Amino acid sequence: MSEERRRELGDNEFPVEQHLQEAFESTVEEGAERLHRSFRAVIITGLFGGMEVGLGVMAYLAVLHETDSHLLAGLAFSVGLIAVLLAHSELFTEDFLMPVVGLVTRQASIWKLAKLWAGTLVSNLVGGWIIMWLVTQAFPEWHALIAESAHHFVDAPFSLQTVCLALLGGSTMTLMTRMQKGATSEVVRVIAAVAGGFLLAGLQLFHSILDSLLIFGALQSGADISVWQWLGWFGYTLLFNIIGGIALVTALRIVRTKELVVHWRRTSPSNPDAPHGR
């Protein structure tokens, strides 16, 4: 009875609110577009994403160098997330919501998701390495600060605390993406990016891409950090970023809009990679 009453009160036929349906359909459509990008497009958008986040890291270091405040530096870091948003680039941890929703609604196969994830992750890191080389060469006075920031992550022992920091890093980034997809105003989307940057960088959450750029800068400036230390930290941080983004945000979003997921799956062809004819 409650679902029938909700239909009477709303403008749509599904037992979910109209704004949820609109946000869900927008998420599905953009997720499908990302999943069906060519390999060339995945690599280029990922490179730009890594470089733009690198600009956010540069802003973060500039403010941290002058103020010694991680909270203020976190606000400055949001420059990178705003750039990714407005330039329509790709950041690996953004791919925990839209493409996964596209996958579960049968808009593409799991192989398309694997291509998107792998291509975006590698190209983000390459783009980040490039921009951090430029930053370390341009601002040698930041070398000690970069090394200190990198040691904060690679020296952290694997523990319940670091696992939680990585879970929060993944879920925060995915929640930011969800907020942006639910907004109709570019101003509101930018505000969501600022909030996400503040939480990620200001609270020093463990984020596989953002913090890797700090470690890359330390490697390039001669800090006593090895590639193996980065890989050890990166491995578990990446894993728990994925778990945090999918389990704490994406899965709950899918459960909340279960009826829409079922509808999209029923109307999709047996081969999800084939043209849908919509």
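Modeller: One definition before we start: Ala, Val, Leu, Ile, Met, Phe, Trp, Tyr, Cys and Pro count as nonpolar, Asp, Glu, Lys and Arg count as charged, and the others, Gly among them, count as polar. With that, the lining of the largest pocket has three nonpolar, four polar and seven charged residues. Keep in mind that this is a predicted model.

Colleague: How should I read the coordinates where pLDDT is low?

Modeller: Not in detail.

Colleague: What share of the residues is buried?

Modeller: 52% of the 278 residues. As for contacts, of those with a separation of 6 or more, 81% are between residues 24 or more positions apart.

Colleague: Back to the pockets. How much space lies in the largest pocket, and which residues lie nearest its centre?

Modeller: The largest pocket holds about 270 Å³ of space. It has 14 lining residues, and Glu30, Arg34, Leu85, His88 and Lys181 lie nearest the centre.

Colleague: Which helices supply at least two residues of that lining?

Modeller: α2 (18-35), α4 (70-87), α8 (160-182) and α9 (186-202) each do. α8 gives the most, with three residues.

Colleague: And the second largest pocket, what volume does that have?

Modeller: About 230 Å³. Its lining consists of 15 residues, with His19, Ala23, Lys181, Gly182 and Ala183 nearest the centre. α2 and α8 are the elements that give two or more residues to this lining.

Colleague: Which of them gives the most?

Modeller: α8, with six residues. By class, the lining of this second largest pocket divides into five nonpolar, five polar and five charged residues. Lys181 turns up nearest the centre of the largest pocket, and Lys181 is also listed nearest the centre of the second largest pocket.

Colleague: Which residues line the largest cavity?

Modeller: Tyr60, Phe153, Ala201, Gln204, Leu210, Asp211 and Leu214. Helix α10 (residues 210-220) has the largest share of this lining, three residues. Five residues of the lining are nonpolar, one is polar and one is charged.

Colleague: And the second largest cavity, what lines that?

Modeller: Val53, Phe77, Leu81, Leu91, Met173, Leu200, His207 and Leu210. That makes seven nonpolar, one polar and no charged residues. Leu210 is in this lining, and Leu210 is among the residues lining the largest cavity too.

Colleague: Now a couple of threonines. Where does Thr172 lie, and which residues is it in contact with, leaving aside neighbours within four places?

Modeller: Thr172 lies in helix α8. Its contacts beyond those neighbours are Gly196, Leu199, Leu200 and Leu205. Leu200 is also one of the residues lining the second largest cavity.

Colleague: Is Thr172 buried or exposed?

Modeller: Buried: its relative accessible area is 14%, so it falls under the 20% cut-off.

Colleague: And where is Thr257?

Modeller: Thr257 sits in the loop between α11 (227-256) and α12 (258-266).

Colleague: Why does Thr257 count as buried?

Modeller: Because its relative accessibility is 0%. Thr257 and Leu20 are 237 residues apart along the chain, and their C-alpha atoms are separated by 7.7 Å.

Terms used:
Residues are numbered from 1 along each chain as its sequence is written. This is a predicted model: local features need pLDDT of at least 70, side-chain atom pairs count only at pLDDT 80 or more; totals for chains, interfaces and linings use all residues. Side-chain values use heavy atoms; hydrogens and water are left out. Buried means under 20% relative accessible area, exposed over 50%, partly exposed in between (1.4 Å probe, protein chains only). On a 1 Å grid over the protein atoms alone, a cavity is a set of points where a 1.4 Å probe fits but cannot get out, and a pocket is an open set with protein on both sides within 12 Å along at least five of seven lines; lining residues have an atom within 4 Å of a point. Grid points are joined across faces, edges and corners, and a volume is the space filled by probe spheres set on the points. Contact means heavy atoms within 4.5 Å.
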